[in-house]
Each structure stands twice: as structure tokens, then as C-alpha cells.
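Hello,

Here is the structure I promised to pass on. Please open it first, then read my notes below.

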Amino acid sequence: MAAAEQGLRRDVRDARRIVVKIGSSSLTTAAGGLDADRVDALVDVVARCLGAPEDEDSKEVVLVSSGAIAAGLAPLGLDKRPRDLARQQAAASVGQGLLVARYTASFARYGRRVGQVLLTSDDTSRRAHYRNAYRTLDQLLAMGTVPVVNENDTVATDEIRFGDNDRLAALVAHLVRAELLVLLSDVDGLYDGNPASPGTSLIEEVRGPHDLDGVEIGSAGKAGVGTGGMVTKVEAARIAAGAGVPVVLTSATRAADALAGRSVGTYFHRTGRRSAGRLLWLAHASAPRGALVLDDGAVRAVVERRTSLLPAGLAGVEGEFSAGDPVELRDTAGRAVARGLVNFDAREIPRLIGRSTRDLARELGPAYEREVVHRDDLVLLHP
């Protein structure tokens, strides 16, 4: 191996389609408002990574960018991120335009176009939305455009939010079939304790969940303008790695080294393979609308034999939900063992409990001769 390639992460260096996520604290000031120099510095790195479209080794980058709410604070006279959803949405409405305008101007220095793509969790869960989102992003990349993705904060409610852009980035990496996810923030990697404390050290590689046993993971970033923190970044890295996408977690100032494959930050190796998009959403981004209680036999069937949930295995129902909603599947002790898309409204469930599909079909009609949750729409929470 040539000396220049020693120490390079080959999966990172060879990745052609990459998702890069940048946090609010790396783009804005603590008081709110975009920092043009920081935006330009990031764009410089991404543009160099992209290369010329005609180059054989040119790459594709999807940029998942936070910063819309933070960018809207100063123009609206807000001195800090508001707690209430309505003002957050107002700030996002003002800030999103400023954010995309800044990216448009910055990428124009390299002759690159940008395309704004705003997503809600529905776009990664509903099959038609999922396919449309993929086609849009894939076409933008094919046309040499840099998609700038953000959660659609102006319309998202607590029930349909991704919760943070780290999680969104992991799901987008799966959506676009990326070969690499790079998470950038104001911290240069994952440490085995508080980075400010003496004696802590950088965790250079994570090969599986057990590598993080006993590791104290911090929460909020120091800038205080985002929603995430190291906890959300590690969770996003686990989601992506579990879906077959390796992850580099490092600071925005080390972005160039990270994209070049140099050994910076923390590298999360793949731990799983690509799965169906709706299942990834079910496990990591859905908000259950209620719960189904399973008897012991149904728990064993669902968890050990990976079967569908039939009415005969039901022991109870909790909450209000409609057919097609995500629900938790719990054992009789209240422990959530799985999550799935239910085929009946909550008000229909009581008459189904403990009964066979044949009896239900005979009494209520053929529409009731089916699974409560089909195995294709079900994910285990503790596999």
C-alpha cells in the first residue's frame, strides 16, 4: 500500500454517494443568524469533494442542514430558541429562506446549483411519499444538483417530527442508498466521557453497540441553538450503521479530512444490512398512537418465530388509533417487544380479542379474516 493511503478509511474514501449532516451550532451564531464564513467553509469542502461532473471519480452529496430555526431568530427579534411550537415554526419559515439563499450563493461560486427538499416523517413512512422523495433526490443528484434537506419545521407537529436532524440524516442516508453518512457538529468525535474533563479519550472506532458499554454520552451542544447533542448523533450513527451505511462523526472543522477518508473523529462500522424503508421508520422515527397487549403465546410467536399478530393472541388494547397507524406491541408486563402498523381501528379491537380469524369472518364478514399486524409491517424492538 502506498504511504499516502496508509491510515485511510477505504469505505469512506471510496464512497460515491454521501450524506453530510451539519448542525445549527456549526452554521450560526449563538445569538441567532447565519455565519456566512462558516457556511462558505462548509461549501468549500463539499464542492471539493464533489469534483467536476465529468470526472470519473466525481461524487454525489446530499446535504442535510440544520439552521433554519436558528437563522430566523435574529430577524424576528428572538434572543434564543423559543420553546413553543408555533414560534419555532415561525422562525423556521423566516430562516429556511435565508438558509437556502446562503447555500445558493455559496455553491454558485463553484457553478453548482442547490435544490431545497423539506421532509416530514410521513415522507419516509408512507410508501408513495417514500418513492417520490427518493425519485426527487435521485434526479437532483443525477442533474448535478446538491439537495439541501431539512425537516419541514413550518408544518411538522410533535406527532410527525423526526425530532432532530441527526435522525433525519440517518433515514435520508437509507432513503437515497448512500454509501456513507458524515455527521458534523462542534465536537471532533465521540469521547469516553466529557471531552472537557482530564483523562478522557476519543473513541476512534465503533464496531458494534457493545463498544459503547459504560460510555457516558453528553447531551446538548455548547451553542444552545440546536435540538440535538451527542446522544442523538450516536443514535443516528447506530440507525445508519444498522442499515448498512458506515458513519463518520466529527467536527465541521475536520470535514475535509473526514470526507477524504483520513482517520479523524469516530468511525462507526456497518453492523447490519439495508432493510425496507418503512421498517426503519417504524423502529426509529415513528410515534406509536397506542398499544396492543399480547398474551404469552403471541409474544413468543411474534418475537421468536417472527409471525404476524393474529386476533387470537390479543389480550388488550390501549389508546386511540386508526387502521394504518403505528402501535406498540407489549407483553402482559407492559414491556414493548415490537412495533407495527395496525390493520384495525382501536374501537374495533375489543371484539377481536382472543378470537380466531375464522370465527370473526363468519360473524363479522371476510374483512375480519386477516392479521391485526402483518409480519411485513412489524419490527422487533429488542431483536
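Glu 328 is buried, with a relative accessibility of 15%. Here, buried means under 20% relative accessible area, exposed means over 50%, and partly exposed lies in between (1.4 Å probe, protein chains only). Arg 330 is partly exposed, at 23%. The two form a salt bridge, with their closest N and O atoms 3.0 Å apart. A salt bridge is a side-chain nitrogen of Lys or Arg within 4 Å of a carboxyl oxygen of Asp or Glu.

A word on the basis. This is a predicted model, where local features need pLDDT of at least 70 and side-chain atom pairs count only at pLDDT 80 or more, while totals for chains, interfaces and linings use all residues. Residues are numbered from 1 along each chain as its sequence is written, and side-chain values use heavy atoms, leaving out hydrogens and water.

Now the wider picture. The structure holds 20 salt bridges. One of them joins the side chains of Lys 21 and Asp 166, at 3.0 Å from N to O. Lys 21 sits in strand β1 (residues 17-22) and Asp 166 in helix α7 (residues 165-175), so this pair ties together parts 145 residues apart in sequence. Helices (H or I, at least four residues) and strands (E, at least two) are DSSP runs, numbered from the N terminus. Both Lys 21 and Asp 166 are buried.

Next, look at Asp 40. Its salt-bridge partner is Arg 109, with the closest N and O atoms 3.9 Å apart. Asp 40 lies in helix α2 (residues 36-50) and Arg 109 in the loop between α4 (85-108) and β3 (114-119), so the pair links parts that are 69 residues apart in sequence. Asp 40 is buried at 17%. Arg 109 is partly exposed at 44%.

Five strands form an open sheet with mixed pairing, in the order β10-β9-β11-β12-β13. Two strands pair if DSSP finds at least two bridges between them. The edge strands, β10 (314-319) and β13 (378-380), each pair on one side only. Strand β9 (residues 290-294) pairs with β10 in the antiparallel sense, over five bridges. Within that pairing, Leu 292 has Val 317 in β10 as its bridge partner.

Best wishes
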